[in-house]
Structure formats: C-alpha cells, structure tokens
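This briefing concerns the structure shown below.

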Amino acid sequence: MSVAVLVFPGSNCDRDAVQGLSAVGLAAHRVWHRDPLGDVDAVVLPGGFSYGDYLRSGALAAHSPALSEVRRLARRGVPILGICNGFQILCEAGLLPGALTVNRSRQFRCTWEHVRVEGAAGPVWALPIAHREGRWWADAATRARVASEGEVWLRYCGPDGSLSDAHNPNGSLDHVAGLARGRVMGLMPHPERATDALLGGTDGVALLTAWAHQVGVAS
Amino acid sequence: MPHFKRVVAVDLKPALLDPEGEAILGVLQHLGYPVQDVRVGRRIELTVSADGPAEADAVAAAVGDRVLANPVMETFRLEGADGTGAGAERPGGGPRGSAQ
C-alpha cells in the first residue's frame, strides 16, 4: 500500500505525517503539489499553512490544480485524509461539509485535547491540536444532514468521553473535531504528533491504525 | 482589452460569531464609544480585463462566488469602482467546485 502526503507551499507537517504513517506500517512518501500523484492507495493532506493561509485557511489550496486531482481520486473511492490544514482544505473544497473558522477564544490553541470516536463505545484518544481556525461551523440544515448521514467522526470531549464546553477548545459546533464523508476524512488534531511516548503520547498510532483499517489500506 | 476595477466585499453571514469583531467592539466600548456591534469584512479590489463593464461584473461575481467568499459562511457583493457594479448582496452560491 502506498500513501501520498501532498505537499503545498506552506505545508509543514508533511514529514511528520510520513513518519506517523510509517509508524503504523504504511509506506508513505511526500509528493510536491505540482508533481503527479501517480498510482496511490490513499492521499494525506498534511497540516501547515498552505499558501500562507491567505484569503482563508486552506482556501487557495482548495482551488489549486492538485485538489482537482484529489477530487478525481476521491470520486474513485481512494481514501483522502486531511489533518488540520488538510481538513480546512477539504472543507473549503466542499469535499467535507461546513467550514472551519476562527476559534471562539481568538487564540491560537496548541494543547493536548481528548477526542472521542463517534458511535457506541468509541475510544477516547488524547491528541495535540495546534490551530487558530478550528471552530467548525455549518448552518442548521447542514448540521442536521451531517447528523443524519453520520458524518461526524470525532468530537472533543473530556478524559471520560463526556461532552462539555469546558472540553471544546475552539467552540466547534456540536464539539466536532473530525468529519468523514465516505472515505474522505478530516480532523483538526494531529495524530502524527502523537506517535512516540517521548513526545507526550501514542494515541495517534491508534487513530492512524483505526483509519487504515476503516478505509482498507492497512498493511 | 480594456481594464475595469471591481471591488468585491466579503462579509461573514450574520449567524456566525465574529471573534475579531468582538475584540474590536470591546476596545471601542472601553474607549467610551457608543458602538453596539462590530462585524469585520474584507474588501478585495480586482482589475479585470473585459470587453465591457457587464463582462467585468460577471467576472467579479464569478470569482466572488467561486473563490473569494466561502458560501458556507460568507456573503459577497460587488462595489463597482466606476459606478456600474451591481450593488446587490449575493448569498453564497451552491456547493463549490467542479465535483459538486
């Protein structure tokens, strides 16, 4: 299995993403946005500040030629995973619903948070976040559709999995930390930064492993 | 081909919390100004090559809808620099991008 990590000008978590995917046994490689993606089994859009996050976070990358290719792959069912800025890009591109805008606190938040996988007895993982524009927002109709289609993947929560404003680091509606529309998935936390106990935790390994199994790229 | 200046004004939809506006409001009120609400928008000036003003309006509306505003959370309107631009507010278009 081959996973491409798509690199835009301003991406800065691409090497971490390759390392994190390697930690779960996936063969990952970086691909510059102007180079062909080739025959890949999955694409990861890494964190960072693509195109300086000018206009809006992820907006310019969402309209880049590389995203046209990502759209084509997504239509064919190739798994796409957006992490942080990659999640913002997927929402800006309309591949995931809603939008990510400035945190309620107005602050860049660089902290460890708990997230809960949606669904009965979903595991709770501790993962780092690092963003200023992570507050998920959608209008009422979109929120209702996201709920009825089961497109929420992850929610911010307390260590025990409970939902509360105290454990919502950016003011996301419905505590949304990650979304999944079929095999197109995105999340604000950084699993690739939680793959070594020396760096504070290894729940990122659990998340990436679960992702690989869910989308069928596990080695 | 002649050039036309077009201004696209982008605003957050009223339903959206505007943390930047809140911060500015706090400072203005601290200074004693009788301001009740602040919403921060964005003004983008385009120089468009077009055969005529109507075509320039159409180009500005297209880029406003497709790129400059995110219809999920923003609206945009055209402010024609030469007075010919359409002034009507435009709600965001439908789903974005060619795949939609």
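**Overview**

In chain B, 65% of the contacts between residues at least 6 apart in sequence join residues at least 24 apart, a contact being heavy atoms within 4.5 Å. This is a predicted model, in which local features need pLDDT of at least 70 and side-chain atom pairs count only at pLDDT 80 or more, whereas totals for chains, interfaces and linings use all residues. Residues are numbered from 1 along each chain as its sequence is written, chains are lettered from A and ligands numbered from 1 in the order in which they are written, and side-chain values use heavy atoms, with hydrogens and water left out.

**Chain B: composition and surface**

- Chain B holds 2 helices and 4 strands; helices (H or I, at least four residues) and strands (E, at least two) are DSSP runs, numbered from the N terminus.
- Along the sequence, the pattern of chain B reads β-α-β-α-β-β.
- Of its 100 residues, 34% count as buried, where buried means under 20% relative accessible area, exposed over 50%, and partly exposed in between (1.4 Å probe, protein chains only).
- The accessible surface of chain B is about 5,500 Å², and carbon and sulfur atoms account for 56% of it; areas come from the Shrake-Rupley method with a 1.4 Å probe, and for residues only the protein chains shown count as cover.

**Chain B: nonpolar patch**

- A nonpolar surface patch consists of Val27(B), Leu31(B) and Tyr33(B), which together have about 330 Å² of accessible area.
- Leu31(B) is located in the loop between helix H1 (19–30) and strand E2 (42–49) of chain B, and it counts as exposed because its relative accessibility is 56%.

**Chain A: the sheet**

- Chain A contains an open sheet of 9 strands with mixed pairing, in the order E2-E1-E3-E4-E11-E10-E9-E6-E7; two strands pair if DSSP finds at least two bridges between them.
- The edges are strand E2 (27–32) and strand E7 (124–131) of chain A, each of which pairs on one side only.
- Strand E1 (residues 2–7) of chain A runs parallel to E3(A), with 3 bridges joining them, and Ala4(A) stands opposite Val43(A).
- From strand E3 (residues 42–45) of chain A, Ala42(A) and Val44(A) point one way and Val43(A) and Leu45(A) the other, and all are buried.
- E3(A) is also joined by 3 bridges to strand E4 (residues 80–83) of chain A, in a parallel arrangement; Val44(A) has Leu81(A) as its bridge partner in E4(A).
- Over 4 bridges, E4(A) pairs in the parallel sense with strand E11 (residues 184–187) of chain A, where Gly82(A) stands opposite Gly186(A).

**Chain A: helices**

- In helix H4 (residues 85–92) of chain A, 8 of 8 residues are buried, among them Phe87(A), Ile89(A) and Glu92(A).
- Arg75(A) belongs to helix H3 (residues 65–75) of chain A and is exposed because its relative accessible area is 56%.
- The C-alpha atoms of Arg75(A) and Leu95(A) are separated by 10.0 Å, with the two residues 20 apart along the chain.

Technical notes
Patches are made of residues with over 30% relative accessible area and no salt bridge: like charges are joined within 9 Å, nonpolar side chains (Val, Leu, Ile, Met, Phe, Trp, Tyr) within 5 Å. A salt bridge is a side-chain nitrogen of Lys or Arg within 4 Å of a carboxyl oxygen of Asp or Glu.
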